[in-house]
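Visitor: I am new to this structure and would like to learn how its features are read. Could you take me through a few of them, one after another?

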Amino acid sequence: MKNFTFILLSLLVMSCSALAQQGDFCNFYIRSGFDSECIITNYKPGDDPEPLYDEHQCMVACRGSYVTYSIVGLPSGASYDWAVSGADSYTTNTNDNTITVNWSETAGIGTLILSVYGPNDEFCEKQLCIDLIERPIAGIISNPIETGYNPSGIQYINVCDGQEIQFYDNSTSSSDSPIVGYYWKVGAETASTQNYTFIADYNTYGNTATIYHHVINECGCEDGIKYIVNISKYPTLEVD
């Protein structure tokens, strides 16, 4: 009887030790290279079926973006496999234990599954939900209105030296993540306003100035657009 009890106790200790080792083996996590203060909570504890995410909360990425994810705390001697859904493509790098994902422009949700195998038959799987946020679409209207579009589809306007042009933001965004930042740049000049006034100065810009307009939404997704101003050296004649 004592021998039988000893055997049971030994098996129990071995089982507990194996569970402890398995728990230690799973002490790694996936870190996103996209830093966003936007928090999406599509999944709540108790949802049916309950997802396998640590905090029942999705990470965030922008549709059409490239994001690099890294494994932090990978156990020594372990190997691993990635599975990805909601992406157009992805590449892995075993030298630094990362995966770079090109998220789809059309998918609303993505998934990362990391399966890790230990040298002593350990196994652990981490699964992450990625909420894919729609990017804003940058747009510009001007007064005077544009002269036309070049072969690349970029708006342009022909003006005279000294002429003033009013540029107005005409961007669109999802109601789930509205635009919170507006940026303009031409040459060395920048502005962080929704609209922008430009003076076509031939001495400063020469015969061409390129207006860059950039918008960003509250989740950190962004888009940009260019507008070309062709400046004639001859100033506008003012008639009294």
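Predicted model: local features only at pLDDT ≥ 70, side-chain atom pairs only at ≥ 80, totals over all residues.

Visitor: Is S104 buried or exposed?

Guide: Buried means under 20% relative accessible area, exposed means over 50%, and partly exposed lies in between (1.4 Å probe, protein chains only). S104, at 8% relative accessibility, counts as buried.

Visitor: Which residues is S104 in contact with?

Guide: Contact means heavy atoms within 4.5 Å. Leaving aside its neighbours within four places in sequence, S104 is in contact with R63, G64, G86, A87 and D88.

Visitor: How many disulfides does the structure hold?

Guide: A disulfide is a covalent bond between the sulfur atoms of two cysteines, and here the cut-off is a pair of cysteine sulfur atoms within 2.5 Å. The structure holds 2 disulfides. One of them joins C26 to C124, with an S to S distance of 2.0 Å. C26 lies in the loop between α1 (2-25) and β1 (29-32) and C124 in strand β8 (residues 123-133), so this pair ties together parts that are 98 residues apart in sequence. The torsion about the S-S bond of C26 and C124 is about 130°, so the disulfide is right-handed.

Visitor: And what can be said of the link of C62 and C221?

Guide: The sulfur atoms of C62 and C221 are 2.1 Å apart, and with -95° about the S-S bond the link is left-handed. C62 lies in strand β2 (residues 59-62) and C221 in the loop between β16 (208-217) and β17 (222-235), so the pair ties together parts that are 159 residues apart in sequence. Both C62 and C221 are buried.

Visitor: In what order do the 4 strands of the open sheet lie?

Guide: Two strands pair if DSSP finds at least two bridges between them. The order in this open sheet is β1-β3-β6-β5, with antiparallel pairing, and its edge strands, β1 and β5 (87-93), each pair on one side only. Between β1 and strand β3 (residues 66-72) there are 4 bridges, and R31 has S70 in β3 as its bridge partner.

Terms used: Residues numbered from 1 in each chain as written. Heavy atoms only, no water. Helix = DSSP H or I, 4+ residues; strand = E, 2+ residues; numbered from the N terminus.
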